[in-house]
Amino acid sequence: MSLERIAISQAGSHVGATVEIAGWLYNLRSGGKICFPQVRDGSGIIQCVAVKSALPEELFETLKHLTQESSLIVRGKIRAEARAPGGFELDVETAQIVQRVPESDPYPITPKEHGIDFLMDHRHLWLRSRRQHAALLVRHEVIKAIRDYFDSHGFILVDTPIFTPAACEGTTTLFEVDYFEDEKVYLAQSGQLYGEATAAAFGKTYCFGPVFRAEKSKTRRHLTEFWMVEPEMAYADLEDVKHVGEELILHVISRVLENRREDLKVLERDVSKLEAVKAPFHRMTYDQAVEKLKSKGSEIQWGSDLGNTDETLITEDLDRPVMIDRYPAAVKAFYFALAEDRPDVALGVDFIAPEGYGEIIGGGQRIHELDLLLKRLEEHKLPREAFEWYLDLRKYGSVPHAGFGMGVERFVAWMCGLDHVRETTAFPRMIYRTKP
RNA sequence: UCCUCGGUAGCUCAAUGGUAGAGCAUUCGGCUGUUAACCGAAGGGUUGUAGGUUCGAGUCCUACCCGAGGAGCCA
C-alpha cells in the first residue's frame, strides 16, 4: 500500500485512507493516556489523535511533550469526527519530528491575546496564525480576480518602472534613491504616466505593482509601500472609468465570496455587507457631495478636497460604494482633463467604499490636448524638461484617454472587514515600522 | 509635523505615594475525548531611559526614547 502525502484541506476526500501529513504543531492538548496534536500545513489545520496504548511508548511521550510550532510529519488514518474542529481527524500511527522547538526558547506567539506592537515585531511568525493566514488568502484571491478581470477584458499587462526620474504628480512626497554617478531617482508613487504611453501602444493596458509614498501618514489606511493596479484606456473618457471600475469591483467581490467563504468566516466578516454590493453604485458629483455634507452639518466649502471624516459622513448611510466625480481642478493633479462647460472642474472620479474603508479607486480622464497640458504644467510649477516624453504622447496621435488606480490593501481590508491595512500584506511598511 | 493615550515577568494586564501581583507561556506532577482543555506545584522583575520632588516613587514633576489611535495628505 502506497502512502500518499496529502494537503490537510483535502482530508475530506481521503476518509478511511492512511495518509501522510507534513506540517507544524499548531496546538496540543493532552491527557494521561491520550493527546490531541493539532497540525497545520498551510492548507488547513487537522486534529490528530495519539493514544498511548496504540503507540510505542517513546513516540507517545514525544508527541505528548511536543512544543508549539515544532515541525513534524505524521502518518495515520483519516476519519470523519464531529467532535474535531474541521470535522476530520487523523489517528496517529507513526510520526517523525523534523525539528523540535526547544522549550528554553519557546514559540513566542501563544494562543492567548497579544498586543499589536508585539505581533508586528513578530510578523514573520504571526503569518502562521489563523486570522493572518485567512487575510492573506483573501489578498491572493483579490489579486487573482483583478488580473483575471483585466486579462479577460482585452487589457494587456505592461508593467511600469519603480525607479523613476521625477514626480508623477508633484503633490505627494517621494522616496529618493541614490543612483549611479550622483544621479538621483525616486521610487514610483504611480505608474500612471507610463500607463498613458502603453495605452497608446496597446489600446488598453494595466500595470500592477508596488508603489511608494513618503507621506508621514499614520492612520489605519496608510502604508508607505503598497500595491496598486492601474488600468489605462485609449479612446476612453470619465464614463468609461466609472463603468470599468464598477465592473471590476463587482467581479472581485463575487470571486471572494465564491472562493473565500471559509476565510471570511475565520475573519468573522459579516458577508451580508459584501453581498449587498450590487450595481449600480451610488453616483454624485463633487457639488452634490458638498451639498450633502453641508446638510449633515459639515463646514466644508466648495474647493477643498474631501477629508476622511467627509468620506465617512457621505458613506455612513450607504450599502455600496459611491462614485464622486467632477472635483475642483485645483485639488487634482495637473494631467486631469477639465470639463468643457466648467474649466474649474476636473474630470476625475473617486470610488469611496462603504463601512469607512475610504477611497479605493481614484482616476479619471486625462488631458489630451498639448496646449492645455503645457498650461497645466506651468500652473503646477512643474519643469517641462522632465515631461518631454510625456508631451510626445500629445503630439503623435493624441486621443482622449482615461484610467484609474485601485489600492489593493484598502480593498482587501474592506473584503476582510479588517480595521487596519497592515494585516492585508505579509510585511507592511509603515512610517515608523520597517522591520521585519 | 501636530493632537490624544500608553510603556510593570516571555505575553496580556493589576497594584490608594508605603512588602511589585494574577492569568497565560515554560518546567515538574495528575487525567483515555480535549475544543484558546482542565487540576496541583515551581522558577521567572534594574517597573522604557535619565534626572528631580519625597522619610519613602511603578505611582508625582521635567526631558528624552519607543509604541498605538487620530488629523492633515492620500490608494
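This is a predicted model: local features need pLDDT of at least 70, side-chain atom pairs count only at pLDDT 80 or more; totals for chains, interfaces and linings use all residues.
Close-up 1. A phosphate oxygen of RNA strand B is 3.2 Å from an N or O atom in the side chain of Asn-308.

**Close-up 2. Protein surroundings of RNA strand B.** RNA strand B is surrounded by 48 residues, of which Asn-27, Glu-89, Pro-111, Arg-220 and Arg-410 are the closest. Of the atoms of RNA strand B that come within 4 Å of the protein, sugar and phosphate account for 50%. At least two residues of the surface near RNA strand B are supplied by each of β2 (18–30), β3 (34–40), β4 (45–51), α2 (116–121), β12 (225–234) and β16 (358–365).

**Close-up 3. Arg-283 in strand β13.** Arg-283, found in the strand spanning residues 282–285, counts as partly exposed because its relative accessibility is 41%. Its side chain is joined to that of Glu-246 by a polar contact of 3.2 Å, and, leaving aside neighbours within four places in sequence, Arg-283 is in contact with Lys-242, Glu-246, Gln-288, Val-322 and Met-323. Val-349 is 66 residues from Arg-283 in sequence, with a C-alpha to C-alpha separation of 9.8 Å in space.

**Close-up 4. A nonpolar surface patch that includes Phe-180.** Phe-163, Tyr-179 and Phe-180 make a nonpolar surface patch of about 340 Å². Phe-180 lies in the loop between β9 (176–178) and β10 (184–187), and this residue counts as exposed because its relative accessibility is 61%.

Technical notes
Residues are numbered from 1 along each chain as its sequence is written. Chains are lettered from A and ligands numbered from 1 in the order in which they are written. Side-chain values use heavy atoms; hydrogens and water are left out. Helices (H or I, at least four residues) and strands (E, at least two) are DSSP runs, numbered from the N terminus. Buried means under 20% relative accessible area, exposed over 50%, partly exposed in between (1.4 Å probe, protein chains only). Contact means heavy atoms within 4.5 Å. A polar contact is a pair of N or O atoms within 3.5 Å; within protein, one must be able to donate a hydrogen and the other to accept it, and residues adjacent in sequence count only if both atoms are side-chain atoms. Patches are made of residues with over 30% relative accessible area and no salt bridge: like charges are joined within 9 Å, nonpolar side chains (Val, Leu, Ile, Met, Phe, Trp, Tyr) within 5 Å. Accessible areas come from the Shrake-Rupley method with a 1.4 Å probe; for residues, only the protein chains shown count as cover. A salt bridge is a side-chain nitrogen of Lys or Arg within 4 Å of a carboxyl oxygen of Asp or Glu. A residue is near a molecule or strand if one of its heavy atoms lies within 4 Å of it.
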